[in-house]
Amino acid sequence: MKRSTLNVMLVALLLCMASLTSAAKVGEAAPDFTATASNGKAVHLADYRGKYVVLEWHNNGCPYVGKHYKSGNMQRLQKQWTSQGVIWFTILSSAPGNQGYVTASEENDYLAKMQAAPTAALLDPSGQIGHLYDAKTSPQMIVINPQGVVIYSGAIDDKPTTDLDGVPGATNYVNRALEQAMAGKPVETPATRPYGCSVKYGD
Amino acid sequence: MRACNRNSVLYSALARGLALLLSTASAQAGSTPITHGTLELVAENQWIAPGQKFDLGLHFQLEKGWHIYWINPGDSGEPPRVEWQLPQGVTAGVIEWPTPHRLESPTIMDFGYENAVTLIVPMQPDASLAAQHSVQFGASVKLLVCSHEMCIPGKAQLSLALPIKSQPPPSDPRTADLFAGARKSLPLPMPGNWKIKVADRKDSFVLTANIGHQTTQAVFFPLVESQIENTAPQKLVSLASGFQLTLRKSDQLLKPIQRLKGVLTLSTDRAYLIDVPLRKARSSSGTE
């Protein structure tokens with residue numbers, strides 16, 4: 001009896017430690033989360049098992065994010081992949097008072113104005129999801145496969161600048177990862193340095 | 001160690017302020033406003049002599065709480081970039097980057113500069129340059145300025161006029177302190193008597209330094225991105241004649257590296273440039 005109680009406690013402790021220290025790593029299970037979207041709906045990551053999921057860290061004031069929205073590149077990617085059944089979550093981890101923090105209605109206005117088309121924009125002002133995935137920059141990108149495993153984490157492409165003319169001709173790592181994984185191939189570049197602005201967490 | 005750093009920055013800021021106060025009629029163009037600060041193109045010497053290398057400087061003065069980035073910005077950000085418009089017969093060298101500071105938050109580690117910093121850029125004029133009353137130097141600078149709360153891109157177009165004379169150029173007293181301060185903050189070449197080995201382990205690089213005396217404090221700044229985990233603590237073991245530093249490999253490091261390059265700081269005023277070939281673990285040889 002005593003021993004089994006101890007075992008249960010040990011398992012609980014290990015699970016607790018895992019949830020505290022496990023930042024999403026390529027090749028490992030994507031940590032689950034529940035979040036509120038800007039459209040008011042609750043989103044539970046585990047509900048999307050069986051589909052590819054893209055996570056996009058967003059901060060509307062960050063010039064690197066601006067490059068991809070002003071050029072229409074991010075919206076193009078969102079439309080291209082969601083039309084093929086990929087789930088796309090834009091995640092906003094800026095703390096209140098910091099650059100990129102918006103209310104739900106401000107985010108909805110932004111999505112409409114930019115003609116953005118993610119599956120949903122998830123509000124994460126506490127930074128919980130950001131920390132769970134160890135998101136360091138906006139726009140950091142993460143790709144999760146239908147088995148719930150992280151297959152890509154890093155930059156959106158290979159042009160780490162704020163110049164709009166850096167978009168055409170860039171190698172897009174998210175496209176590469178999705179295309180290669182869908183073709184049953186291993187992802188050639190599964191991790192890169194996620195360029196951009198630091199995520200404006202409120203520590 | 002931080003306080004000491006701040007003092008030296010404060011000192012150079014004071015010296016700079018004093019120099020500005022003392023200068024009235026100026027061949028220096030003056031500072032240009034940038035996002036949350038100012039930027040100025042400065043010359044160390046009063047004129048250019050044909051064939052004689054000289055230094056220009058990009059002097060950044062930032063508002064409190066704002067920073068710019070080192071050549072390896074760390075987890076986020078981007079270093080300043082400069083495009084030169086030079087007089088005919090002058091070629092620009094590369095930026096000499098001062099030892100950076102750690103700009104850390106619990107989850108992000110960046111490398112850069114707060115307060116004030118001068119980036120020295122060496123210039124080489126042709127020996128055949130003819131004496132002239134004044135030639136123009138232009139610099140288009142693009143940069144990212146960040147605080148903990150936000151990042152803002154900046155741009156500046158700087159200019160500076162200098163004469164060309166055949167006599168050896170005296171240094172400009174208005175910028176002497178600035179250049180002296182900037183040189184002091186450059187990492188030094190590795191001393192010839194140092195012996196540094198880097199072992200390539202599964203999850204880490206283990207740097208063992210024999211520098212002739214016991215060392216209790218060392219920080220490594222990688223010159224190349226995505227080699228080590230910037231936020232991971234650098235575990236130091238003090239040795240009788242040096243130290244051992246364990247650097248966790250970056251998750252983004254997908255291919256083996258041949259050399260480890262970076263800046264090693266032993267105390268606030270001593271930093272050294274190191275470039276060391278890696279020693280592979282014997283058991284893992286054969287795979288490339």
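Modeller: Two strands are said to pair if DSSP finds at least two bridges between them. Strands (E, at least two residues) and helices (H or I, at least four) are DSSP runs, numbered from the N terminus. The structure is a predicted model, in which local features need pLDDT of at least 70, side-chain atom pairs count only at pLDDT 80 or more, and totals for chains, interfaces and linings use all residues. Residues are numbered from 1 along each chain as its sequence is written, while chains are lettered from A and ligands numbered from 1 in the order in which they are written.

Biologist: Which strand of chain B does β3(B) join by eight bridges?

Modeller: That partner is strand β9 (residues 116–125) of chain B, and the two run antiparallel. Within this pair, B:Leu56 is placed opposite B:Val121 of β9(B). Strand β2 (residues 37–43) of chain B also pairs with β3(B), in the antiparallel sense and over seven bridges; there B:Glu40 faces B:His59 of β3(B).

Biologist: How many of the nine residues of strand β3 of chain B are buried?

Modeller: A residue is buried if 20 or more other C-beta atoms lie within 10 Å of its own, exposed if 12 or fewer, and partly exposed in between, the C-beta atoms being placed from the backbone. Seven of the nine residues of β3(B), residues 54–62, are buried, so the strand is largely enclosed by the rest of the structure. For chain B as a whole, 33% of the 288 residues are buried. Chain B has 19 strands and two helices.

Biologist: In what order do the strands of the open sheet of chain A stand?

Modeller: The seven strands follow the order β2-β1-β5-β4-β3-β7-β8, with mixed pairing. The edges are held by β2 (42–44) and β8 of chain A; each has a single partner strand, so one side of each is left without a neighbour in the sheet. From one strand to the next the twist averages 30°, where axes are lines fitted to C-alpha atoms (for helices over the stretch in contact) and angles run from 0 to 180 degrees between N-to-C directions.

Biologist: How do β3(A) and β4(A) pair, and over how many bridges?

Modeller: Their pairing is parallel, over five bridges, and A:Glu56 stands opposite A:Thr90 of β4(A). A:Glu56 also stands opposite A:Met141 of β7(A), for β3(A) and β7(A) run antiparallel and are joined by four bridges. β4(A) pairs in turn with strand β5 (residues 120–123) of chain A, in the parallel sense over four bridges; here A:Thr90 faces A:Ala121.

Biologist: Which buried residues point one way from β4(A), and which the other way?

Modeller: In a regular strand the side chains alternate between the two faces of the sheet. In β4(A), A:Ile87, A:Phe89 and A:Ile91 point one way, A:Trp88, A:Thr90 and A:Leu92 the other way, and all are buried. Six of the six residues of β4(A) are thus buried.

Biologist: Which residues of helix α6 of chain A are buried?

Modeller: In α6(A), residues 173–182, they are A:Tyr173, A:Val174, A:Ala177 and A:Leu178. They cover an arc of only 130° around the axis, which puts them on the same side of α6(A); the arc is that of the directions from the helix axis to the C-beta atoms. These buried residues pack against β3 (53–57), α3 (73–82), β7 (141–144) and β8 (150–154) of chain A. The helix lies across β3, β7 and β8 of chain A, running at about 170° to β8(A). A:Gly184, with a positive phi near 80°, follows α6(A).

Biologist: Where is the place of A:Gln140?

Modeller: A:Gln140 is in the loop between β6 (137–138) and β7 of chain A, and is buried, with 27 other C-beta atoms within 10 Å. Two residues are in contact if their C-beta atoms, placed from the backbone, lie within 7 Å. Leaving aside neighbours within four places in sequence, the contacts of A:Gln140 are A:Trp57, A:Ala135, A:Gly154, A:Pro194 and A:Gly196.

Biologist: How many residues of chain A are in contact with chain B?

Modeller: There are 25 in chain A, in contact with 18 residues of chain B.

Biologist: What is the mean pLDDT of chain A?

Modeller: pLDDT is the predictor's confidence in each residue, from 0 to 100. Its mean for chain A is 91, and 89% of the residues of chain A reach 70 or more. Over residues 5–22 of chain A the pLDDT is below 50, and this stretch has one contact in the model beyond near neighbours in sequence. Where pLDDT is low, the predicted coordinates should not be read in detail.
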